[in-house]
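Subject: Structure handover

Dear colleague,

Please find the structure below, together with its sequence. My findings follow, beginning with a single site and then turning to the chain as a whole.

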Amino acid sequence: ALSNPISDNKKQERFLLLALAGIQFTHILDFMIMMPLGPEFISELNITTHQFGLLLSSYTFAAAIAGIFATYYVDRFERRKLLLSLYACFIVATLACGLAPSYETLFIARAFAGAFGGILGSLVQTIVADSIPFERRGKALGTVMAAFSVSTVAGVPLSLFLANHITFLGWRAPFIFIALISLPILYLGYRNIPKIAGHLDHVHEGSRMSQILKILLAHQHIKAFIFMAFIMITGFSVIPYIALYMTSNVGISTSYISLIYLCGGIATLMSSRFIGYMADQYGKVKVFRFLAVVSLIPLLVTTNLPVTPLWIVLINSTAFFILISGRMIPAMAMVSQVVENKIRGTFMSLIGSVQMFASGIATVLAGMVVTIGADGKMEHYNFVGYGAVFCGLITIWLVGYIHSDTKKT
């Protein structure tokens with residue numbers, strides 16, 4: 001049974017999903033805004049490119065580690081209180097990033113923001129799974145994942161716009177902006193997220209470590225972890241290097257990079273709920289496999305493009321963002337249903353950590369493959385694309401095993 005079914009109140013469900021989508025949007029946006037601001041950080045903080053890389057990874061790996069630590073307590077607290085408390089801490093950490101006086105303090109603030117943000121992501125998905133029946137969960141996750149998709153692709157142009165137009169703040173502007181818009185979202189969550197405590201009624205036997213190991217090593221859970229890791233590797237081996245490849249190899253002006261991400265963001269906003277609806281109507285496995293197969297086309301095109309007109313690049317990149325992010329909607333609907341609700345929080349925290357580690361590893365491995373030639377062009381990006389296609393094909397094979405393990409609660 002669901003921890004807190006709200007199926008009888010569509011208006012309450014709508015506001016719940018709106019609050020959860022807002023939380024998801026801000027914590028992913030907080031991660032994305034760093035990427036295009038490298039030159040500003042390097043010049044204003046007087047740091048090297050290596051130090052900037054450490055600044056980026058501090059968020060990702062803090063999120064992954066926090067997700068593992070969260071397994072100790074996430075199923076021992078009432079969900080609403082835990083979510084709102086963590087979100088308040090996230091807002092404070094993000095504001096601290098905007099006010100940081102030095103590289104060292106910014107590094108520490110980023111790690112704290114990543115730690116709170118990483119737990120928030122898995123907790124949001126846990127609450128959706130606890131509150132929305134499986135038959136409608138694809139559409140519900142589509143709403144939440146739309147926020148994920150839009151923040152992923154809108155973070156780059158928004159970050160550049162704020163930093164360039166609020167000149168007296170510079171790189172601090174995006175962090176302060178996120179902290180400010182998070183406050184009304186916190187209030188929205190306070191008013192509309194119901195108490196979710198059904199999972200607390202279950203007796204947890206044995207030590208907490210033995211419980212976590214049991215969840216971690218369960219056969220069906222291992223399959224879900226591997227499935228999610230390959231989904232993340234497929235996307236994040238390619239995504240971090242798109243902007244560089246477009247400017248150095250495809251002949252796209254740097255000023256148009258924001259347009260590529262903006263088109264992708266608007267398109268994913270419009271497509272995510274539709275993909276969720278289709279997953280509910282026609283089956284999560286069927287929709288996932290369709291999206292995963294079709295996504296391989298723009299993925300291969302993206303990593304093999306020669307000098308190309310902007311309009312062709314926009315069509316391909318928009319299709320890429322719609323399909324790569326769209327796969328996550330039926331995938332998360334199935335993965336969230338692999339476990340009973342009494343241990344779902346712990347399991348989803350582990351899933352969140354797997355996602356963070358896998359995306360970090362994918363970026364690092366792809367970075368070892370691609371090189372910059374003497375002419376300034378990126379080389380071997382096509383090999384990264386072939387590797388991503390291989391990982392994508394593995395997810396198409398694995399999804400059948402995940403579906404067979406889902407528990408129809």
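Apart from its neighbours within four places in sequence, Ser248 is in contact with Gly376, Lys377 and Met378. Please note that this is a predicted model.

Ser248 belongs to helix α10, which covers residues 242–248. The relative accessible area of Ser248 is 18%; because the cut-off for a buried residue is under 20%, Ser248 counts as buried. The side chain of Ser248 also makes a polar contact, at 2.7 Å, with the side chain of Asn249.

Turning to the whole chain, the secondary structure consists of 16 helices and two strands. The radius of gyration is 20 Å, close to the 22 Å that the globule rule gives for 409 residues, so the protein chain is as compact as a globular protein of that length. Along the principal axes, the C-alpha atoms fill a box of roughly 65 × 45 × 40 Å.

Of the 409 residues in the protein chain, 58% are classed as buried. Among contacts with a separation of 6 or more, 84% are between residues 24 or more positions apart.

Yours sincerely

Definitions and conventions
Residues are numbered from 1 along each chain as its sequence is written. This is a predicted model: local features need pLDDT of at least 70, side-chain atom pairs count only at pLDDT 80 or more; totals for chains, interfaces and linings use all residues. Side-chain values use heavy atoms; hydrogens and water are left out. Helices (H or I, at least four residues) and strands (E, at least two) are DSSP runs, numbered from the N terminus. Buried means under 20% relative accessible area, exposed over 50%, partly exposed in between (1.4 Å probe, protein chains only). A polar contact is a pair of N or O atoms within 3.5 Å; within protein, one must be able to donate a hydrogen and the other to accept it, and residues adjacent in sequence count only if both atoms are side-chain atoms. Contact means heavy atoms within 4.5 Å. The radius of gyration is taken over C-alpha atoms; the globule rule is 2.2 Å times the number of residues to the power 0.38.
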